[in-house]
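Student: I'd like to go through the charged side-chain pairs in this one. Can you take my questions one at a time?
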Amino acid sequence: VLIYGYPDAAPEDLDLEYIDAYTCTLPGTVRNADGTYTVTGGADVAIAIDRSAQPKSWVNLADTAWYDSGGRTDIYTLTTPEELAGLAWLVNRQGVTFSGVTIRLGGDIDLDNTDGTIGLRTWTPIGANLNKSFQGTFDGQGYSVYNLTVQTSSSYAALFGCCVNAEIRNLSVYGVVSGTANASYAAGIAAYFSGGRIEDCS
């Protein structure tokens, strides 16, 4: 099977983006236990291959090189949306709490979609739940995060989803936040905050 991929291709729904995965449909066949297929009828089999898509999210572009590439330190400075999304990836997916660590912004962060379409690229809150929460210090150093768009079905909707014994300071956030969970917390800076403090934020 020859599959042609076009790097600039986009789904009809511009809030989605293609990923490197495909769904194959083989009507008139039965899948065997070993992964092969048996044709059940006498007609020709037309194989349909559909490229898979997912909602556009900054976490899909996460850059964790700032954390993975060198020795550990107690201060990290983030300057791009991808690096900030890397913070969400490390906390939410790998369970890194950043307790005792300071994360600083080195400039304003713009979370507007950058792929040239009118589709939205949404934000995944930093801290998925109490078991994977942000527990460090986040110092915006007077910078701002612009065009935050959170549309989530989880319980925590904000730049930071779930924080425990954390500190967030010197930060402004501008954007739109919405959550659809039956029991949810929504805010601009932090949706759920237990212990610690938030100061000089707007």
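Student: Which residue does Glu199 form a salt bridge with?
Tutor: Glu199 pairs with Arg197, and the closest N and O atoms are 3.8 Å apart. Bear in mind that this is a predicted model.

Student: Is Glu199 buried or partly exposed?
Tutor: Partly exposed, because its relative accessibility is 28% and buried means under 20%.

Student: And how does Arg197 count?
Tutor: Arg197 is partly exposed as well, at 47% relative accessibility.

Student: What is the distance between Arg197 and Glu167?
Tutor: Arg197 forms a salt bridge with Glu167, with 3.5 Å between the closest N and O atoms. Arg197 lies in strand E15 (residues 197–201) and Glu167 in strand E12, so this pair ties together parts that are 30 residues apart in sequence.

Student: Where does Glu167 fall, buried or exposed?
Tutor: Glu167 counts as buried, with a relative accessibility of 14%.

Student: Switching topic. What does Asp139 pair with?
Tutor: Asp139 forms a salt bridge with Arg169, and the closest N and O atoms are 3.5 Å apart. Asp139 is in strand E8 (residues 137–139) and Arg169 in strand E12 (residues 167–179), so the pair links parts 30 residues apart in sequence.

Student: Are Asp139 and Arg169 buried or exposed?
Tutor: Both Asp139 and Arg169 are buried.

Student: How many salt bridges are there by this rule?
Tutor: The count comes to four.

Key:
Residues numbered from 1 in each chain as written. Predicted model: local features only at pLDDT ≥ 70, side-chain atom pairs only at ≥ 80, totals over all residues. Heavy atoms only, no water. Salt bridge = Lys/Arg side-chain N within 4 Å of Asp/Glu carboxyl O. Helix = DSSP H or I, 4+ residues; strand = E, 2+ residues; numbered from the N terminus. Buried < 20%, exposed > 50% of the residue type's maximum accessible area, 1.4 Å probe, protein only.
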